[in-house]
Amino acid sequence: MLQIENLKVEIEGKEILKGISLNVKKGEIHAIMGPNGSGKSTLAAVLAGKEFGEITNGKITYMGKDLMDMEPEDRSKEGIFLGFQYPIEIPGVSMVNFMRTALNEHRKYRGEEAMSSSDFLKLMREKKELVKIESGLTSRSVNEGFSGGEKKRNEIFQMAMLEPRLAILDETDSGLDIDALRIVANGVNQLKTAENSTIVITHYQRLLDYIVPDFVHVLYDGKIVKSGDKSLALELEDKGYDWIKKDVESVSYE
Amino acid sequence: MSKREETIQHFSGLFKENSSRIEKGSSGLINSFRKEAMDQFRELGIPDRKNEAYKYINLDPWFNTKYKSYFVPEEADFMAASDFRCEVVELESYNKILLNGFSPKDNGTIEGLPEGIWVGSLAEASERFPDIVEKHYARYARNGKDGLIPLNTALASDGMFVHVKKGVSLSKPIQVINLVHSDTDMFVQHRNLIVVEDNAELPMIVCDHALSPQKFLTNAVTEIYVGENARLDMLRVQNEHNNAAKLTHTFIHQERNSNAVSNNITLHGGMVRNSTYHRLNGEGAECNAYGLYLADRWQHVDNFVSIDHAYPNCLSNQLFKGVLDDYATGAFNGRILVNEGAQKTLAYQKNNNILLTDDARMDTKPQLEIYADDVKCSHGATVGQLDEEAMFYLKSRGINKTEARLMLMFGFAHEVIANIKTEALRQRIDELVLQRLRGELSRCANCSLDCDK
């Protein structure tokens, strides 16, 4: 589904991603872990099409297409979803209007008719249930005045509405207490099918108790320095990132 | 002779030549102010950029034009005008038309209007209710530096008069549909007087429209008295065309514990200047002055606000927002005057602007004059672009750039619209603003104008 080959990204002259390769197949869950500043969020944003920095090398192929040629909105309509680490507040734009516009853009792209108001509201109700969002929240402006937990749940709610092929969840667990974490993870798991894939970006292993990855990659200093199965996450939890850092640094000394 | 003197001479001459005609249609009371006002105008002239309050606006192109008609009632065709339906009208309201500044003389009636309210011609009212008019006329419209106000006092013949008796309140708003319509270029001046007595309540909407593509210049003065514990909610929707200029001066005089809202929504107009004055003339008075302006092409929208805190324990709040596209320019000048002794004053001001192009320009200037020591005042102004982070957020959900921009502009504007209390009206204004932002001129449905002129 997604192939990243030797991706290098510079921001303001500083190389942030230093040659990343990753292959995500249909139905897989990949976890990307790493300490702060290792380039995790940059990778997520680049995949979603945010214009910042410069891609100096590499190639990203998604569903057989060159992703770099696509606008963010087209990536979304092709099934890529980014769950933001810091969801944006948009005063004056109602959640209902926002979601209806987004959903209908997706439908139009697939050659389907716009959804009727009653069908749309029914769908909203259904999906809200999934992440236990209070009904009041969707009548408000996008993320405005939402608590940290509500914002994260709102991301998963949007994901549920848009049913992406590839979801990239950037630190969806940060700032969540354990109950909220369970709700969010449960929502993600319910949306999982054999047809779609997920990239979970996280700092802590905690989330991976609930969303069980097929692969775990450790990103450090702009490179994937270690890949393994879910046991790698547990090992990291046990030994901490210093273990990886030492490992990497000792390699570079040799 | 300088341009300035030429203009003064021009109006001076018009006044002399036509004074008998002007006075004929007016009451002795209103006529008694004319001469002195004309003298004052001769001293002040038309405000230019040297006048601090008019620093960012150029009135010359509008005043250097020779208009075919000035202040002349002629035969206003109210029948034709009454066919006009303002788009805002779908909501329930009591309608009254003002055509080229003149109101039909119909004894202030509107079908179904409750007892205790009179809405109609000022000229007529000044004959019928000389006591009320005398008590309030030319009492509040005072600004010793602005020649446009005495010009209006000297020349205006008619306008809207609204009187709400003590304790009377209205459930539906009064809507004044303010039309200009002419076969020739026209200078319109009218004078409105609104009296809301103690404990009364008046919701009001004024819609400004131009019905023909001619060049119009309107210079309108409105005086509003809001008595003790009385409430005024005044919404103005301006929707004219690029060839129309509108200068409004609204003086709201508020007594103890009164509450007044002024909201100016400028959707379209070649040049618009709204001066809004709230004088808080008794303890516990509160006012909200709102404004929203959307301008593109070469349009200019200028808002001048003056809040005069004359007594202690009053609250004022200003919120003005604008979106400027193409080569449009705008200005905001918000003055807060806290007089000595006006302790415990709360005064807030906010002006936020979005410039969509590099050529659009906005000048914003707070002006705080505080002579009391126990007050809370704040002011803030921003001029910026659409939020890139928010753009990306919307796009990342599949919303295309055009639509995302529109949503953000609308969201930005909505903060002002959200203050409209009547839901039906709020929704209607939302729609008009959205249409305007989409680039469709949100003119009224019955209007067959080619507004691109």
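This is a predicted model: local features need pLDDT of at least 70, side-chain atom pairs count only at pLDDT 80 or more; totals for chains, interfaces and linings use all residues.
In chain B, Ala347(B) lies opposite Cys377(B), a residue of strand β19(B).

Strand β17 of chain B, spanning residues 345-355, runs parallel to β19(B), and ten bridges join the two. Helix α10 of chain B (residues 401-417) packs on the sheet, where it touches β11 (259-268), β13 (286-295), β15 (315-324) and β17 of chain B. The direction of α10(B) makes about 155° with that of β15(B). The sheet itself is open and comprises nine strands of chain B, arranged in the order β2-β5-β7-β9-β11-β13-β15-β17-β19 with parallel pairing. From one strand to the next, the twist averages 10°.

Chain A contains an open sheet of four strands, ordered β2-β1-β4-β5, in which the pairing is antiparallel. Here the edge positions fall to β2 (14-24) and β5 (65-66) of chain A, and because each has a single partner strand, one side of each is left without a neighbour in the sheet. Within this sheet, strand β1 (residues 2-11) of chain A pairs with strand β4 (residues 54-62) of chain A in the antiparallel sense over seven bridges. Glu5(A) has Lys59(A), in β4(A), as its bridge partner. Helix α1(A) packs on the sheet and touches β1, β2 and β4 of chain A, its direction making about 110° with that of β1(A).

A further antiparallel pair in chain A is formed by strand β11 (residues 215-220) and strand β12 (residues 223-228), which are joined by five bridges. In this pair Val218(A) stands opposite Lys226(A) of β12(A). The hairpin of β11(A) and β12(A) has two residues between the strands, and Asp221(A) adopts a positive phi near 50° there.

The two chains meet in an interface in which 29 residues of chain A are in contact with 19 residues of chain B. The size of an interface is often given as the accessible area lost when the parts come together. For chain A and chain B the buried area is about 1900 Å², and carbon and sulfur atoms give 66% of that area. Two salt bridges are found across the interface of chain A and chain B. A salt bridge links the side chains of Arg397(B) and Glu155(A), with an N to O distance of 2.7 Å.

On the side of chain A that touches chain B, the elements giving two or more residues are α1 (40-48), α2 (72-77), β6 (80-83), β7 (90-94), α3 (95-109) and α5 (148-162) of chain A. The largest share of this side, six residues, is supplied by α3(A). By residue class, the side of chain A that touches chain B divides into 16 nonpolar, eight polar and five charged residues.

Notes
Residues are numbered from 1 along each chain as its sequence is written. Chains are lettered from A and ligands numbered from 1 in the order in which they are written. Side-chain values use heavy atoms; hydrogens and water are left out. Contact means heavy atoms within 4.5 Å. Buried area is the accessible area (1.4 Å probe) that two parts lose on being put together, summed over both. A salt bridge is a side-chain nitrogen of Lys or Arg within 4 Å of a carboxyl oxygen of Asp or Glu. Ala, Val, Leu, Ile, Met, Phe, Trp, Tyr, Cys and Pro count as nonpolar, Asp, Glu, Lys and Arg as charged, and the others, Gly among them, as polar. Two strands pair if DSSP finds at least two bridges between them. Axes are lines fitted to C-alpha atoms, for helices over the stretch in contact, and angles run from 0 to 180 degrees between N-to-C directions.
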